[in-house]
Structure formats: structure tokens, C-alpha cells
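My notes follow in the order I worked.

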Amino acid sequence: MAELPVRQGSFGHAAHLLSTSTGASAQGAATATAEELSVWPASTGEPRPGDLTVGGVALSEVAGRYGTPVYVLDEGEVRRRCRTYRDAFPEAEIHYAAKAFLCRAMAHWVEEEGLGLDVCSAGELELAVAAGFPPERIVLHGNVKTPHDLKQALAYGVGRIVIDSPSEIARIAAAVGPDGTQKVMVRVVPGISAGGHEKIRTGTEDQKFGLSISDGYAQHAIARILDQPQLELTGLHCHLGSQITEVEPYLAAVYRMVDLMASLYEQHGVVLEELDLGGGHGIPYRPGERAMDLTRLARTVRAELTEACAEAGLTVPRLIIEPGRAIAGPAGVALYRVVSVKHTGGRAFVAVDGGMSDNPRPALYGVRYAPRLVGRRGSATPAPVTVVGRHCESGDVVAADVRLPDDVRAGDLIAVPVAGAYHLSMASGYNLVGRPPVAAVRDGRARLLVRRETMEDIRSRDVGL
């Protein structure tokens, strides 16, 4: 395996994700090429020109059954990606980052595949536990943990709480009580810049997460924790950012974290058993974009950690990895219905029945997608268009400057791949349109995981007049 994943799809060969061609000229063709589908779930097929299936289910059938917009989640793809991480890091703990996407079924799949869970709120924690997820395999982190978050974490008995602020030390110790103990980690800022966009870089000094090594706040917090008998410090935690496709930032983080571990051993005689390097592994959203080489990451991180610990005279800690987007993202497809096609100002706008309320990421981070006409055989002549949403914002753009068949029209179905992470989890109530449902597909069957948010749901929350 060279990357995550090397797809073995319905075309009988692996589609290489590091292709240098974007495939733009063929984007609007009637039949999809293997390169075009390289960012789609591995189960994607095209039994008839233009009629794509995922998990053996026609996307047009899903849209007809559940309406649009709708998210389609390939259960098999989720499970395959969980196994890919387990195979790449057999000696490590893999915790799925629930913030990417969480529902009861997702928690169940992750638990069955042997992964732990990383949550950052009482809501995510309670949903996971309600699905039967073992709380001892759950880690709670976040830069702001409310009293309710901590109360629920202790009540359920989560495996670890990641301390992100000095104020949490006394708060957790007091909540645990004189006769209890709670395993904790400390989130450290390693001072490393990495990530696909400045808003998703979390390893530098100038952001809200963690405690800095350079100014001594991390060391001071650790000393305080060691003085609290109710708190058992198991290790250090760091997270560099998101959409990282290079291995080198993780290697730099290993050395800085091991250096801190060595310093703590010299000062306090403490040997920390765990090192959490977070997640943030990049995935391609369009054909030709780079992905994290997971095999190389695992091999080099393992080697660097072993070497750094040997130089410092430390026992090699157990590694913890927290992928989220890399598991959920490529397993999802968003389906929209075209409402209108408009030509104005020398540009063509294809307007769909969703937008920034179900996917704010283009507006927040400038992410770009590769949408495709599905459900019918379109013209073989591609035309440049911008796919826009229904909301009253000029920034409500689903996909800017893409190529679709020049006969796209109202009523057509548009599919956006790589929609499994940070879509529903970041969806809003803007314009009161209601959040879309989630349908799982597997072995030729579709089933509803999360129902559509209705106007009755919205009205029931509005209790004042």
C-alpha cells in the first residue's frame, strides 16, 4: 500500500491517487474514467453511462427514496479505512476523531473494527455511549471543556481526558474527589506549522489549542498534574493540523515530544507511557491531489520514535493516532438536485437545492470539489460552470469553476464526492432549510441512519412568542 487508500475498485485495478492529471477535460464525459472516480468510494461503479452506484446502490435511487440534499455513506469504505489504519499501525491505538462525523451507526462500525473514539463534547460522548461504545476506549479533548463535559466524562468513565488548559487541572481533580483517579494527558504545542489552510493549523504558538513548550506553560502544567494524586498522567498529546500530506512535520513532532518526555524524566523521574500524535492526515478532494502516504508515515514515525527514545534512554511509549477525515471523508457522497441554470455576467451558474447550510467548508476554507452529473447520460461536451447553493450569501458556492455536461438542466442530479467528513457535523440552520439525512449503503441495500431535519423539528425548538 502506497497511500490511503490504494483503491481496488470496480475497474479491476488500483486507481493511483497521486496522478498529476486533473481529468478536467473528461469531467463532463458520459462515462466516468478510473481517474475521475479515484476520489470516490472504492465500491463505485457505472453499470450504465452516467448512472453511478455506490455500495451496489444507484445514487439516483437514493435520491429518489430519501430526497435531496442527502448524504450517502458507504459502510464498506468506512470499515476498509479503519482496517487500513489498524494494518499500518498494528502496535498503536487508533482513535477515530468523532468531530469529522458521528452517528450511532458510525460509532458501532468503528467499535466493531477495533478502534477507539476521540470526542470533544458531552454530546459526542453521550451519543457514542448510547450506541454501546465502551467508554474506557474514549478520549475526551478540546480547548474548552465545560463543567457539563467534564461531569459526563467522569460519570461515564472515559479512558482519558486531555488537559488543554491549566484551569482544568484543579477542576478535574476536584470533580474526581479524594478517593478517585482519572487518567489524563496534556496537549502540548510543539511549535510546528502544518496543514492545508491557516484556519486548520493547530501546532503553532499563535492559536487556541494546547500548552506551549517554548514558554514553559506545558512543563508547569505537567508539574502541577504530578502533584495531584487524583490525576494519573499517562502521556502527551499533540495535533499539528488538518489536511497534512507530508510526513516530515510528524517526525519533527516526535523529536520535540520525546525531548520533553526526557526532560520530565530528568526533573520528576516520571516515565510517560503514551504519545498521541493526533491525526490530520490529508486526503484528495479532486483527482490528482495528494494524499498522505500512510505506509511511509507509519514506517518513519515508528523508526524515528524508536531512535529518539534510544538516544534519550527512554522506553518507547505506546503510540496513539487520531484519524477522522481520512476515514469518513472519502466514504461519503452528497447528492443535490439542480433547481436552475443561469447565464449571467459571462458565467454559467448551476444552482442546487443545498449549499452552505449543509457544507460550509468552501466558504470557510476555500475547499474545492469535483461534482458530477449522475442519474442520466449527459452530453459528452463539457462546459465551465460554478455550482452554487440556495442560500442568500454570495459565498454560498458548492464548487467553483468546474466542468459539467453542457446540457445540465433543472431536475438533474449532481453528486459531490468526499463528503463524509465535516459536512453534517458542521451543518447549520441557516435560512431554516433543515439539515439533510444520511443514508448508508452496503451490498446493494440502502438504509436511513439520520433522518432529515423537518420544519416541525425547527418549530418545536421555538418556544417563545
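I started at Pro384, which stands opposite Arg403 in β20. I note here that the model is a predicted one.

I then looked up how β19 is joined to β20, residues 397-405: the two strands run antiparallel, with six bridges between them. I turned to strand β17, residues 347-352, and found that β17 pairs with β19 in the parallel sense, over three bridges. In that pairing I located Phe349 opposite Thr386 of β19. I also checked the cover over β19, which spans residues 382-388: six of its seven residues are buried, and I wrote the strand down as mostly covered.

I looked for a charged pair in this region and found Asp401 with Arg347, whose side chains meet in a salt bridge at 3.1 Å, N to O. Asp401 belongs to strand β20 and Arg347 to strand β17, so this pair ties together parts that lie 54 residues apart in sequence. Asp401 has a relative accessible area of 54% and is therefore exposed. Arg347, with 39%, is partly exposed.

**A three-stranded sheet**

I traced an open sheet of three strands in the order β3-β4-β5, with antiparallel pairing. Its edge strands are β3 (45-48) and β5 (57-58), each of which pairs on one side only. For β3 and β4 (residues 51-54) I recorded two bridges in the antiparallel sense. Gly45 is the residue standing opposite Thr53 of β4.

**Helix α5**

I asked which residues of helix α5 are buried. Within residues 147-156 they are Asp149, Leu150, Gln152 and Ala153. They cover an arc of only 165° around the axis, and so sit on the same side of α5. On the other side of α5 I found Pro147, Lys151 and Ala155 exposed.

I next looked up what the buried residues of α5 pack against, and listed α4 (122-130), β9 (138-140), β10 (160-163) and α6 (167-176). Just after α5 I noted Gly157, which takes a positive phi of about 80°.

**Glu93 and Arg160**

Glu93 forms one with Arg160, and their closest N and O atoms are 3.0 Å apart. Glu93 is in strand β7 (residues 93-97) and Arg160 in strand β10, so the pair ties together parts 67 residues apart in sequence. I compared the accessibility of both partners: Glu93 counts as partly exposed at 23%, whereas Arg160 counts as buried at 8%.

**Cysteines**

I asked how many disulfides there are, taking sulfur atoms within 2.5 Å as the cut-off. The count is zero. Cys238 is in no disulfide, and the nearest cysteine sulfur, that of Cys309, is 13 Å away. Is Cys238 buried or exposed? Its relative accessibility is 0%, so Cys238 counts as buried. Cys392 has 68% and therefore counts as exposed.

**Nonpolar core**

I looked up the largest nonpolar core, which has 131 residues; Leu59, Phe89, Tyr96, Met106, Leu236 and Leu335 touch the most other members. Helix α8 (residues 248-268) gives the largest share of this core, 10 residues. I listed the contacts of Leu335, leaving out residues up to four places away in sequence; among them are Leu59, Val62, Ala63, Leu413, Ile414 and Ala415.

I recorded 28 salt bridges in the structure. One of them that I looked up joins Glu456 and Arg459, with the closest N and O atoms 3.0 Å apart. Glu456 and Arg459 are three residues apart in helix α12 (residues 455-461), and so about one helical turn separates them. I noted Glu456 as partly exposed at 46% and Arg459 as partly exposed at 47%. Elsewhere, salt bridges that share partners join Glu75, Arg79, Arg83, Arg86, Glu112, Glu113, Arg442, Asp443 and Arg447 into one network.

Arg79 lies in helix α2, residues 75-88. With 7% relative accessibility, Arg79 counts as buried. Leaving out residues up to four places away in sequence, I found that Arg79 touches Trp109, Glu112, Glu113 and Arg442.

Conventions
Residues numbered from 1 in each chain as written. Predicted model: local features only at pLDDT ≥ 70, side-chain atom pairs only at ≥ 80, totals over all residues. Heavy atoms only, no water. Buried < 20%, exposed > 50% of the residue type's maximum accessible area, 1.4 Å probe, protein only. Helix = DSSP H or I, 4+ residues; strand = E, 2+ residues; numbered from the N terminus. Arc of directions from axis to C-beta. Contact = heavy atoms within 4.5 Å. Pairing = 2+ DSSP bridges. Core = buried A, V, L, I, M, F, W, Y, C linked by side-chain atoms within 4.5 Å. Salt bridge = Lys/Arg side-chain N within 4 Å of Asp/Glu carboxyl O.
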